[in-house]
Amino acid sequence: MLDHTPAGLGQSGVMWSRASVRTLIRLVCGVSVTERGVGKWLRRHGFTPQRPARRSCR
């Protein structure tokens, strides 16, 4: 994941989603997994859903 970005994989946005991780796994490993399977794998390995902190515009 360090060598790729979601935008480079044709996904919208700059944050990794289950769909973008699924696409990355398919491209790099040649293995097709479900989005639910990706979510389970990420949780099992300690990744949690997070968003950047909102900052006020001043």
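This is a short tour of a predicted model, stop by stop, for use with the viewer open.

Before you start clicking, note that residues are numbered from 1 along each chain as its sequence is written. Local features here need pLDDT of at least 70 and side-chain atom pairs count only at pLDDT 80 or more, while totals for chains, interfaces and linings use all residues, and side-chain values use heavy atoms, with hydrogens and water left out.

**Stop 1: the two helices**

Select residues 18-29 for helix 1 and residues 35-44 for helix 2. Helices here are DSSP runs (H or I, at least four residues), numbered from the N terminus. Two packed helices are described by the angle between their axes and the distance between the axes. For this pair, the axes come within 9 Å and cross at roughly 95°. The axes are lines fitted to C-alpha atoms over the stretch in contact, with angles running from 0 to 180 degrees between N-to-C directions. Helix 1 and helix 2 are therefore roughly perpendicular to each other (that term covers angles of 65 to 115 degrees).

Now show side chains where the helices meet. On the helix 1 side, pick R18, A19, V21, R22 and I25; they meet E35, R36, V38, G39 and R43 of helix 2 (contact means heavy atoms within 4.5 Å). By class, this contact has 4 nonpolar, 1 polar and 5 charged residues. Here Ala, Val, Leu, Ile, Met, Phe, Trp, Tyr, Cys and Pro count as nonpolar, Asp, Glu, Lys and Arg as charged, and the others, Gly among them, as polar.

**Stop 2**

G39 has a relative accessible area of 4%, so it counts as buried (buried means under 20% relative accessible area and exposed over 50%, with a 1.4 Å probe and protein chains only). Draw a distance from G39 to R18: their C-alpha atoms are separated by 6.3 Å, although the two are 21 residues apart along the chain.

Back in helix 1, select T23. T23 is buried too, at a relative accessible area of 11%. Leaving aside residues up to four places away in sequence, T23 touches L9 and Q11.

**Stop 3: the loop**

Go to S32, in the loop between helix 1 and helix 2. S32 is exposed, with a relative accessible area of 59%. Its C-alpha lies 7.6 Å from that of R22, 10 residues apart in sequence.

**Stop 4: after helix 2**

The segment after helix 2 holds G46 and also R51. G46 counts as exposed at 57% relative accessibility, and R51 counts as exposed at 70%.

**Stop 5: the largest pocket**

Finish by selecting W16, L42, T48, P49 and Q50, the residues nearest the centre of the largest pocket among its 14 lining residues. A pocket is an open set of points on a 1 Å grid over the protein atoms alone, where a 1.4 Å probe fits, with protein on both sides within 12 Å along at least five of seven lines; lining residues have an atom within 4 Å of a point. About 430 Å³ of space lies in this pocket, the volume being the space filled by probe spheres set on the points. Helix 1 and helix 2 each supply at least two residues of the lining, and helix 2 gives the largest share, 3 residues. Colour the lining by class and you get 7 nonpolar, 4 polar and 3 charged.

Note on methods: Parallel < 35°, antiparallel > 145°, perpendicular 65-115°, else oblique.
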